[in-house]
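I opened this model to look up a few local features and write down what I found. Entries follow in the order I made them.

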Amino acid sequence: MSKLRNIVRGCVLDVLGAVSKPAPGVHILNGHMIIRGEAHACHAEAFRRQLQRLSSQVEFIRFEDAARMITAGQHPDRPLVAFSFDDGFTDCADMICPVLEEFGVNAALFINPNFVEGNEEYIRHFTEKVVMTPGKQPMRWDAIRRLRDRGHVIGAHTLDHYMINTDDVGELNRQIVGSKEAIERNLGEPCIHFAFPYGRLEHAGRTAIDIACRAFDYVY
């Protein structure tokens, strides 16, 4: 499952704008935000137009259906597209998920619980030094619960967006299993999806992969 997503850094508009004549199969488009600064209604409209354009070439499906189809080895004869977003920025609640709902689909939101709960100092360090997105703000648990209740998938992304290419078993368990436990504690239901931060196999060592696969049903 580690190759399930084709990770593309940058805003989702860049990803969608690059799509041309999608091939048959199951595609999961991953993004992080709509814009790098403050959210404005015009950017939600731009995202909506991108989805309208893309929907003329593909069929949108729910994230959990895409995951099941891939793990089952299904090979549809038409392009099917699902969506995921990392890091849990407020864009997800303010723009991304509401627009996706207009098209009848959901997203998987891979969150970092310590970012969700962070104070101003933690948020500034996280956005400026870790994920390089100055000015972005995290969704808090109340917003995440509302999105869960509307059918979006909440997955783990380590506690602190930690690069897990280390053999420090204690820290890997804290970051990977700890993120699962924090989400389950706050949402009151199992968390079965996990996405590696930074998105490439070289960013996750064998030990980390083994820990994640023991803790989660789906690892991306």
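**Helix α3**

I started with what the buried residues of α3 pack against: β1 (25-31), β3, β4 (108-111), β5 (153-156), β6 and β7 (218-219). The model is a predicted one, and I read every entry here with that in mind. Helix α3 covers residues 63-71, and its buried residues are Phe 63, Glu 64, Ala 66, Ala 67 and Met 69. I noted the general rule that an α-helix has 3.6 residues a turn, so residues three or four places apart point the same way. Just after α3 I found Gly 73 with a positive phi of about 75°.

**Val 81**

I went on to β3, the strand that holds Val 81. Val 81 counts as buried because its relative accessibility is 3%, and the cut-off is under 20%. What does Val 81 contact, leaving aside its neighbours within four places in sequence? I listed His 27, Leu 29, Leu 54, Val 58, Glu 59, Phe 60 and Ile 61. I also took the C-alpha separation of Val 81 and Arg 62, which is 8.3 Å for two residues 19 apart along the chain.

**Whole chain**

I then turned to the totals. The secondary structure comes to 9 helices and 7 strands. The chain has 220 residues, and buried residues make up 55% of them. Taking contacts between residues at least 6 apart in sequence, I read that 72% join residues at least 24 apart.

**Aromatic pairs**

I looked up ring pairs next, and the count came to 10 aromatic pairs. For Phe 89 and Phe 115, the ring centres are 5.9 Å apart and the planes stand at 85°, so I logged the pair as edge-to-face. This pair links distant parts of the chain: Phe 89 is in the loop between β3 (79-86) and α4 (91-102), while Phe 115 is in helix α5 (residues 113-116), 26 residues apart. Phe 89 and Phe 115 are both buried.

Phe 194 and Phe 196 form another pair, with centres 5.5 Å apart and planes at 90°, so I logged that one as edge-to-face too. Phe 194 has 0% relative accessibility and counts as buried. Phe 196 is buried as well, at a relative accessible area of 3%.

Which residues do ring pairs link into a cluster? I found Phe 89, Phe 115, Tyr 122 and Phe 126.

I also checked for a charge over a ring. Lys 180 lies over the face of Phe 216, at 5.1 Å from the ring centre.

**Arg 148**

Is Arg 148 buried or exposed? Arg 148 counts as buried because its relative accessibility is 17%, against a cut-off of under 20%. I placed Arg 148 in helix α7, residues 141-149. A polar atom of the Arg 148 side chain lies 2.9 Å from the backbone oxygen of Leu 187. Not counting residues up to four places away in sequence, Arg 148 touches Ile 154, Leu 187 and Glu 189.

**Cysteines**

I searched the whole structure for disulfides and got 0. Cys 97 is in no disulfide, and the nearest cysteine sulfur, that of Cys 92, is 5.6 Å away. The cut-off for a disulfide is sulfur atoms within 2.5 Å. Cys 97 counts as buried, with 0% relative accessibility. I also looked up Cys 191, which is buried at a relative accessible area of 1%.

**Positive phi**

My last entries are on the backbone. Most residues other than glycine have a negative phi, so I wrote down the exceptions I came across. Met 132 has phi near 55°, a positive value in a residue other than glycine. Met 132 lies in the loop between α6 (120-130) and α7. Tyr 198 has phi near 75°, again a positive value in a residue other than glycine. I located Tyr 198 in the loop between β6 (193-194) and α9 (206-215). With a relative accessible area of 25%, Tyr 198 is partly exposed.

How values were computed: Residues are numbered from 1 along each chain as its sequence is written. This is a predicted model: local features need pLDDT of at least 70, side-chain atom pairs count only at pLDDT 80 or more; totals for chains, interfaces and linings use all residues. Side-chain values use heavy atoms; hydrogens and water are left out. Helices (H or I, at least four residues) and strands (E, at least two) are DSSP runs, numbered from the N terminus. Buried means under 20% relative accessible area, exposed over 50%, partly exposed in between (1.4 Å probe, protein chains only). Contact means heavy atoms within 4.5 Å. A polar contact is a pair of N or O atoms within 3.5 Å; within protein, one must be able to donate a hydrogen and the other to accept it, and residues adjacent in sequence count only if both atoms are side-chain atoms. Rings of Phe, Tyr and Trp (its six-membered ring) pair if their centres lie within 6.5 Å; planes under 30 degrees apart count as stacked, over 60 as edge-to-face and the rest as tilted. A charge sits over a ring if NZ of Lys or CZ of Arg is within 6 Å of the ring centre and within 35 degrees of the ring normal.
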